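Please look at the model below with its helices and side chains in view. The text that follows walks through a few of its packing details.

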Amino acid sequence: MDSSRSAQRAVIQFLRPEGKHASQIYRRMKEVYGEQCLARCTIFRWCQSYEAGRVNIKDLPSSGQAHIVTNSSTISAVDELIRQNRRITTREISVELPISKGTVNHTIHKALGYCKICAQWVPKHLSENQKTARMGVCLTQQFLH
C-alpha cells in the first residue's frame, strides 16, 4: 500500500466530496495507514484546502530556505582563501566572496572536508604524504624502544 503523502492527500480529496468530516477522514486513515498516517492537523488543513477549491494534491512551491548549491569555482575560491590564511573566518570568506555564511560553512565542511582546530582550518583527513610520514615516525619509535 502506498502511504506517501501524495497518496494520502488523494484519499482526502476522494473522501471529502462524499460529505465526510475531517475527523472521520482522520480516523479512517489512521486505521489504514497507522503510524504512517498524516498528522490530524495536516488532514484538517488539506480538507479546508479542498473545500476552498484546490484540486492539486502536489505541494506548492515554497519560499523557504533555498538549497545550498556549490559549484567548482566557489569551492576552489573558498579553498584558495583558506590556503592563503588558515585563520580566516566564515564571515570574512562570505564578505570576500558573494556567498552566504551558510554556503561557506557547507563548502568548508562538506565539499572541502576541513575542520577548525586551534583557530586554523585543517583537513579532516591526512593526505597520502602525511600518512606515510606518520607511519615512518611510528616505525622508527617502535625500533627505538
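Trp46 is buried in this predicted model, with a relative accessible area of 9%. That value counts as buried because the cut-off is under 20%. Tyr50 is buried as well, at a relative accessible area of 10%. Both residues belong to helix α3, which covers residues 40-51. Because Trp46 and Tyr50 are four residues apart in that helix, about one helical turn separates them.

The rings of these two residues also pair. The model has one aromatic pair by the rule that ring centres lie within 6.5 Å. In that pair, the ring centres of Trp46 and Tyr50 are 5.6 Å apart and the planes stand at 40°, so the pair is tilted. A plane angle under 30 degrees would have counted as stacked, and one over 60 as edge-to-face.

The angle between α2 and α3 is about 130°, and their axes are 9 Å apart. The crossing of the two helices is right-handed. On the α2 side, Ala22, Ser23, Ile25, Tyr26 and Met29 take part, and they meet Arg40, Ile43, Phe44 and Cys47 of α3. By class, this contact of α2 with α3 consists of seven nonpolar residues, one polar and one charged.

The remaining packing to follow is that of α1 on α2. Helix α1 spans residues 5-15 and helix α2 residues 22-33; they pack at an angle of about 140° with axes 11 Å apart. This makes α1 oblique to α2, and α1 passes α2 in a right-handed crossing. From α1, the residues Ala7, Gln8, Val11, Ile12 and Leu15 meet Ile25, Arg28, Met29 and Tyr33 of α2. Here the residues divide into seven nonpolar, one polar and one charged. Ile25 and Met29 of α2 meet residues of α1, and Ile25 and Met29 also meet residues of α3.

Technical notes: Residues are numbered from 1 along each chain as its sequence is written. This is a predicted model: local features need pLDDT of at least 70, side-chain atom pairs count only at pLDDT 80 or more; totals for chains, interfaces and linings use all residues. Side-chain values use heavy atoms; hydrogens and water are left out. Rings of Phe, Tyr and Trp (its six-membered ring) pair if their centres lie within 6.5 Å; planes under 30 degrees apart count as stacked, over 60 as edge-to-face and the rest as tilted. Buried means under 20% relative accessible area, exposed over 50%, partly exposed in between (1.4 Å probe, protein chains only). Axes are lines fitted to C-alpha atoms, for helices over the stretch in contact, and angles run from 0 to 180 degrees between N-to-C directions. Angles under 35 degrees count as roughly parallel, over 145 as roughly antiparallel, 65 to 115 as roughly perpendicular and the rest as oblique. A crossing is left-handed if the near helix is turned anticlockwise from the far one by less than a right angle, and right-handed if clockwise. Contact means heavy atoms within 4.5 Å. Ala, Val, Leu, Ile, Met, Phe, Trp, Tyr, Cys and Pro count as nonpolar, Asp, Glu, Lys and Arg as charged, and the others, Gly among them, as polar.
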